Amino acid sequence: DGHWVWCEARARVCQRDPDGRPLRLIGVIRGVSAERAAVAERERLIAERAEVESRLRLALDRAPIGVLMNDTDARITYWNEACEQMFGYSAEEAIGRSSIDLFVPPEARAYVEGIMARLREGDVNAHGLNEAVRKDGRRIVTEWRNTPIVDAAGRVTSLLAMVIDVTERIDGEHERMRLLADKERLAGRLQRQFERMPIACI
């Protein structure tokens, strides 16, 4: 019908002239169009996957919140620019180190290790709120949203974490609670003073 097909040919010389030049060949030819199509499709899918991964990495690199990836031993395998700004460590300094050793203070280790254990078991609700220590020694309060990453067999292979610095929010809440407590104490003192007055107050 005139359409082109891919073929694979294999042959060997079966007859030569007195000078050794080939006169006849014997061999086989088989169609490989289906195999070529399968290879082309596989290469296309690989290229598409690479493009998607490249775009995803770019999005994570530039995300406004901290994004990091740990293996199941809590070693950091990915560390975006927001993490660099939040914790003060460059990606080169952070990758390969234990996230617990890098920025978790001693008093929070048991709490964070418990969250890690839940993630390794596949718990998708193992989030957290804890203090962290920056490279410069300053403490911040961090809020975490964590996701276990599983392979095709359902095994947890890595732990994805998104983190934000909520220090100002927490400090604001503490200040608001302090002001409310001061207001209640003041109201209590005024009430006691009124109760001691010799005249009635309406």
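Good morning. The model before you is predicted: local features require pLDDT of at least 70 and side-chain atom pairs count only at pLDDT 80 or more, while totals for chains, interfaces and linings use all residues. Residues are numbered from 1 along each chain as its sequence is written, and side-chain values use heavy atoms, leaving out hydrogens and water.

Let me begin with the fold. The chain has six helices and seven strands; these are DSSP runs numbered from the N terminus, with helices being H or I of at least four residues and strands E of at least two. Along the sequence, the pattern reads β-β-α-β-β-α-α-α-α-β-β-β-α.

I turn to the interior. Of the 202 residues in the chain, 26% are buried; buried means under 20% relative accessible area, exposed over 50%, and partly exposed in between, with a 1.4 Å probe and protein chains only. The largest nonpolar core has 27 residues. Such a core is a set of buried Ala, Val, Leu, Ile, Met, Phe, Trp, Tyr and Cys residues joined through side-chain atoms within 4.5 Å. Among the elements that each supply at least two residues of this core are α5 (109-120), β6 (139-150) and β7 (156-165).

L102 is one of the residues with the most contacts inside the core. Leaving aside residues up to four places away in sequence, L102 touches I76, W79, Y89, A94, R97 and V133, where contact means heavy atoms within 4.5 Å.

Finally, the cysteines. C83 is buried, at 0% relative accessible area, whereas C14 is partly exposed, at 44%. The structure holds zero disulfides, a disulfide being a pair of cysteine sulfur atoms within 2.5 Å.
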